[in-house]
Amino acid sequence: MNRYVCIHGHFYQPPRENPWLEEVEVQDSAHPYHDWNERITAECYGPNSGSRILDGDGYIIDIVNNYSKISFNFGPTLLSFLERRHPRLHQAIVDADRQSMERYAGHGSALAQAYGHLIMPLASRRDKITQVAWGVADFRARFGRDPEGMWLPETAVDLETLAILADAGIRFTILAPRQAARARRLGDEEWQDVSESRVDPTAPYLVRLPDGRDFNVFFYDGPISQDMAFGDLLDRGEAYRDRLMAAFNDDRDWPQLVHVATDGETYGHHHTYGEMALTYCLSLIEADPTVELINYAAYLDRHPPVHEAELFENSSWSCIHGVERWRADCGCNSGMHGNWHQRWRQPLREAMDWLRDRCAAIVEAEGAKLFKDPWQARDAYIAVVNDRSEASRDAFLNAQANGKLSPERRVRALKLMELSRQAMLIFTSCGWFFDEVTGIETVQVLQYAARAIQLAGELGGGDLEGPFAAILEKAPSNVLANGREAYERYAKPAAVDIMRVGAHYAISSVFTPPDEDYRYGCYRAHGRDEKRETAGRASLLTGRADIASEVTGERLDAAFAVFHAGGHNLTCGLRPFRDAASLAAMQVDLRQAFERGDLAETIRVLDAHFDTHTFSIRHLFRDEQRKVVAEALAPEFESAEAMYRQIYESNYPILNFLQWIDMPVPRHILEAAAFVVETDIRRQLSGEVLDLERLDGRIEDARRFGLSLDYEGLGLEGADWINRRAQAFGADHGNIELLSSVKESLERLRALPMGLNLFKAQNVIFELSRGRYAEKRQAAAGGDAEAGRWLELFAELAEALKVRLPQ
């Protein structure tokens with residue numbers, strides 16, 4: 001065989017976790033999803049683990065894990081998110097690599113990635129080494145093998161980076177064709193100028209490193225990759241296949257590898273159903289005896305390079321100016337804001353470089369007191385990043401620390417490692433990629449900077465914020481005055497300390513009694529000695545809480561009191577626990593004032609006991625804040641709902657009449673009707689059983705009156721209900737009542753234009769159709785009436801989900 005095809009997907013999202021909580025908070029711009037990671041998981045990462053092949057009538061005839069047939073890399077921070085939130089999907093990705101090892105003679109298709117997606121040529125040598133070490137260690141922990149290849153963020157490259165990859169045992173990387181400067185056959189004296197993307201991408205190349213070693217590089221096919229990402233090539237799988245096959249040329253005298261590389265999000269997120277075009281393309285190539293699917297490592301084993309190349313150093317795939325997109329106003333941007341500048345990029349880079357160097361000085365000075373070698377300790381710290389358990393922290397410190405550390409020095413050592421981690425996260429490439437210093441990606445790196453500054457201060461590094469903010473002041477914004485204002489408005493308010501975590505625990509406990517093992521983000525809390533008093537809508541909660549960080553090991557034993565006067569009027573006091581007597585005195589003083597019904601006196605007593613350590617609902621973290629506000633204001637919301645419902649119900653005959661005579665309905669009546677109908681449908685979908693008769697009525701009202709509902713949000717909730725119930729049926733596939741419920745409910749919900757994403761339900765029915773369905777057919781043929789009923793309902797549900805049943 002001398003014709004091969006390899007398709008590479010670079011799957012990555014910028015880390016979106018709150019740097020203090022290590023959890024992704026709600027992002028309203030991702031509506032109806034909780035955050036952008038969830039949205040793109042639903043549109044891309046999940047569908048690619050179970051992509052559909054359809055017949056000519058649009059029915060599913062096969063489901064394929066695309067990851068098992070392509071070359072791919074996932075950003076480690078994205079895989080960490082998937083492991084926490086979508087463990088089955090994470091496992092499907094790991095399984096795909098194992099399946100590809102069986103397919104490709106022991107060579108897995110997964111590549112590692114330099115850990116934090118920073119631009120390697122712009123990084124310090126020390127950071128480059130850690131980024132590669134973390135990428136390798138994370139890959140090894142997830143996939144159970146050593147990586148053969150590594151993806152460089154934005155394919156940004158210099159020879160020092162390639163040498164560090166080689167030191168780590170990496171065999172190859174993938175670059176853009178415009179990153180090649182000269183090329184020649186091995187043994188030839190004359191170099192060929194291949195600049196401006198003229199390199200032949202169908203062969204691997206050796207790149208000579210300064211120390212005399214060689215490193216393997218693949219240059220992907222630029223025009224095909226470009227058309228996939230930005231054209232209509234993914235509209236049809238046949239067109240995709242044809243374009244790949246057309247890249248072969250019989251004039252070449254080496255085994256040709258036609259390969260492409262794009263963002264993995266191209267398949268489903270950027271191009272709806274792009275994952276299905278990929279699946280069909282792969283199936284057509286597999287059926288063609290003249291070509292073979294392969295991955296890079298397997299190709300290298302069969303066909304070592306016979307060409308060599310020289311690179312344009314400090315180059316990348318997404319900036320025609322090299323790596324200027326991440327340090328200058330070079331003209332590269334998203335194209336969405338044509339009149340905006342990016343002059344903020346250079347001062348932002350200068351500010352982050354300055355902060356990195358200051359943090360490095362702290363790590364060296366303080367780290368020498370705590371670690372055998374602070375930089376070797378940082379390289380090993382990835383094991384703790386991936387496993388925050390106490391056992392993991394103990395193992396790390398036992399191996400890296402200068403002897404046994406006291407509890408206080410343990411916390412200091414872990415804070416030092418976190419400082420060093422945040423000082424790398426500040427360089428996440430997305431912070432410079434887009435158009436504006438106030439964008440969510442840039443705010444994210446500013447938040448990492450704020451966390452690093454906070455840790456530096458706690459470690460005795462002095463005030464870094466003033467000089468840092470002064471440099472940011474030189475970064476002009478298209479929206480605000482400058483980068484300093486962006487930092488102060490969007491990054492600093494996100495800051496968290498352990499006192500605020502304690503206040504969050506106390507306030508949320510007023511509304512929902514916490515679990516014994518309460519967790520929020522990377523913090524754990526345990527309450528005790530709690531006393532609760534209520535009087536009408538007012539309530540008083542006092543007690544003691546133990547708060548602990550799973551990241552730094554920092555702990556707080558706190559006394560607290562929360563006075564909720566009703567509605568949004570709430571005050572919380574929290575301070576370090578002193579002794580049992582002072583706690584008891586505080587509880588008595590507050591209870592006496594509260595029992596007298598003297599609200600002002602209750603607040604005065606609380607202030608007296610807690611001085612300046614007071615908090616309000618404003619200090620809650622974003623997700624919990626919304627839950628608490630909804631509960632705190634529930635009476636007010638219920639009153640407003642009652643008024644809307646009264647308008648709707650009392651004017652229902654008018655709605656019917658105006659609809660009958662085809663006359664426009666007054667907006668205030670329509671809005672009341674839309675609110676009531678949407679509220680009732682949402683409440684139905686929040687339960688385990690649907691009242692089909694009531695649901696029918698509301699759906700009919702929505703259709704008949706042309707109500708403007710949040711169909712995108714309802715679609716997400718409706719799909720979640722169907723998918724959950726379908727999965728329950730998959731686990732209890734003999735339950736005819738459950739099967740009937742899913743079928744009947746789906747028929748109702750499909751009546752509204754909600755765009756239901758029934759990916760999970762289709763998976764369940766497809767799997768059952770290739771397994772249990774045959775058993776039921778056999779039982780029904782033998783006279784089993786219940787099996788016959790099951791077959792009838794199952795066939796109707798399969799029809800509704802467009803799953804082709806086997807004949």
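Colleague: Leaving aside neighbours within four places in sequence, which residues is Q256 in contact with?

Modeller: This is a predicted model. Contact here means heavy atoms within 4.5 Å. With neighbours within four places in sequence set aside, the partners of Q256 are N2, R3, Y4, T202, A247, F248, N249 and Y299.

Colleague: Is Q256 buried or exposed?

Modeller: Q256 sits in strand 14, residues 256-263. The cut-off for buried is under 20% relative accessible area. Q256 has 4% relative accessibility, so it counts as buried.

Colleague: Which side chain joins that of Q256 in a polar contact of 2.5 Å?

Modeller: Keep two partners apart here. With N249, the backbone oxygen is involved, 2.9 Å from a polar atom of the Q256 side chain. The side-chain to side-chain contact, at 2.5 Å, is with R252.

Colleague: Turn to Q342. How far is the backbone oxygen of D435 from a polar atom of the Q342 side chain?

Modeller: Q342 lies in the loop between strand 16 (307-311) and helix 10. At 1% relative accessibility, it therefore counts as buried. Beyond four places in sequence, Q342 contacts A328, D329, C332, N333, F434 and D435. From the D435 backbone oxygen to a polar atom of the Q342 side chain, the distance is 3.2 Å.

Colleague: How are helix 2 and helix 3 oriented to each other, and what is the term for it?

Modeller: The axes of helix 2 (residues 76-85) and helix 3 (residues 87-103) come within 5 Å. They cross at roughly 125°. Angles of 65 to 115 degrees count as roughly perpendicular and those over 145 as roughly antiparallel. The two helices are therefore oblique.

Colleague: How many nonpolar, polar and charged residues make the contact of helix 2 with helix 3?

Modeller: Helix 2 brings L79, L82, E83, R84 and R85. Helix 3 brings P87, L89, H90 and I93. By class, the contact has five nonpolar, one polar and three charged residues.

Colleague: In the largest nonpolar core, which residues touch the most other members?

Modeller: That core holds 191 residues. Its largest share, 10 residues, comes from helix 10 (residues 345-370). The residues touching the most other members are Y240 and F468.

Colleague: Which residues does F468 touch, not counting those up to four places away in sequence?

Modeller: Nonpolar side chains tend to be buried together in soluble globular proteins. With residues up to four places away left out, F468 touches A351, M352, W354, L355, L446, A449, I453 and Y487.

Technical notes:
Residues are numbered from 1 along each chain as its sequence is written. This is a predicted model: local features need pLDDT of at least 70, side-chain atom pairs count only at pLDDT 80 or more; totals for chains, interfaces and linings use all residues. Side-chain values use heavy atoms; hydrogens and water are left out. Axes are lines fitted to C-alpha atoms, for helices over the stretch in contact, and angles run from 0 to 180 degrees between N-to-C directions. Helices (H or I, at least four residues) and strands (E, at least two) are DSSP runs, numbered from the N terminus. Angles under 35 degrees count as roughly parallel, over 145 as roughly antiparallel, 65 to 115 as roughly perpendicular and the rest as oblique. Ala, Val, Leu, Ile, Met, Phe, Trp, Tyr, Cys and Pro count as nonpolar, Asp, Glu, Lys and Arg as charged, and the others, Gly among them, as polar. A nonpolar core is a set of buried Ala, Val, Leu, Ile, Met, Phe, Trp, Tyr and Cys residues joined through side-chain atoms within 4.5 Å. Buried means under 20% relative accessible area, exposed over 50%, partly exposed in between (1.4 Å probe, protein chains only). A polar contact is a pair of N or O atoms within 3.5 Å; within protein, one must be able to donate a hydrogen and the other to accept it, and residues adjacent in sequence count only if both atoms are side-chain atoms.
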